Amino acid sequence: MRLAGVLFILPFFLQLLGFGRTPLGGGLCGELFLAQNPSLAFQTPGFWYGLLFMGLLALQLGYGLSLLLLPLLEVPIGPAWRRLGRYLVGVMVGLFLLTRTTGLPAPGPGGWVLERAPVDPLSLLLVGLSLAGSLLLRENGGHGAAS
């Protein structure tokens with residue numbers, strides 16, 4: 001469980017590389033702080049996608065911290081709690097695929113638009129780490145071990 005917790009926490013902090021404009025790309029939330037116009041009505045769909053994924057990464061961070069801290073408090077992590085983590089990753093992966101293939105409806109300067117977000121190595125790494133954490137939850141789920 002500890003490794004799953006670390007894999008859930010890591011994407012939040014690795015996203016900071018995307019804000020620094022590294023060669024890995026912007027990640028899931030890269031366009032969030034690149035906004036040129038302060039008016040929310042004129043933001044690009046990438047801004048809204050970044051906002052959505054930043055919220056999901058924050059939820060994932062909280063979930064990962066709970067996986068690390070609950071065993072220290074001797075609180076058992078039940079199957080429903082592990083299922084919640086898998087659902088969280090499922091939502092993230094589903095939205096990742098939607099934003100990278102067809103796009104989601106997002107407000108734009110001329111109304112609602114469907115725009116695809118770019119795929120970069122950092123975003124693939126972040127989603128891959130989340131998937132790995134989810135698989136560890138599933139693998140550990142049948143053993144009942146809290147470690």
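1. Does Ser 134 count as buried or exposed? At 11% relative accessibility, Ser 134 counts as buried, because the cut-off for that class is under 20%. Please keep in mind that this is a predicted model.

2. To place that serine for you: Ser 134 sits in helix H4, which covers residues 121-141. Setting aside neighbours within four places in sequence, Ser 134 has Phe 8, Arg 86 and Val 89 as its contacts.

3. Next, have a look at helices H2 (residues 45-69) and H3 (residues 79-101), whose axes come within 11 Å and cross at roughly 160°. An angle over 145 degrees counts as roughly antiparallel, so H2 is roughly antiparallel to H3. The crossing of the pair is left-handed.

4. Which residues make the contact of H2 with H3? From H2 they include Tyr 49, Phe 53, Gln 60 and Leu 67, and from H3 they include Trp 81, Gly 85, Met 92 and Arg 100. Sorted by class, this contact has 15 nonpolar, 4 polar and 2 charged residues.

5. The largest nonpolar core has 31 residues, and the ones touching the most other members are Leu 28, Phe 53, Leu 67 and Leu 137. Helices H1 (2-19), H2, H3 and H4 each supply at least two residues of this core, with H2 giving the most, 9 residues. As general background, nonpolar side chains tend to be buried together in soluble globular proteins.

6. Phe 53 deserves a click in your viewer. Not counting residues up to four places away in sequence, Phe 53 touches Leu 28, Cys 29, Met 92, Leu 95, Phe 96, Thr 99 and Arg 100.

Key. Residues numbered from 1 in each chain as written. Predicted model: local features only at pLDDT ≥ 70, side-chain atom pairs only at ≥ 80, totals over all residues. Heavy atoms only, no water. Axes fitted to C-alpha atoms, helices over the stretch in contact; angles between N-to-C directions. Helix = DSSP H or I, 4+ residues; strand = E, 2+ residues; numbered from the N terminus. Parallel < 35°, antiparallel > 145°, perpendicular 65-115°, else oblique. Left-handed = near helix turned anticlockwise from the far one by under 90°. Contact = heavy atoms within 4.5 Å. Nonpolar A, V, L, I, M, F, W, Y, C, P; charged D, E, K, R; others polar. Buried < 20%, exposed > 50% of the residue type's maximum accessible area, 1.4 Å probe, protein only. Core = buried A, V, L, I, M, F, W, Y, C linked by side-chain atoms within 4.5 Å.
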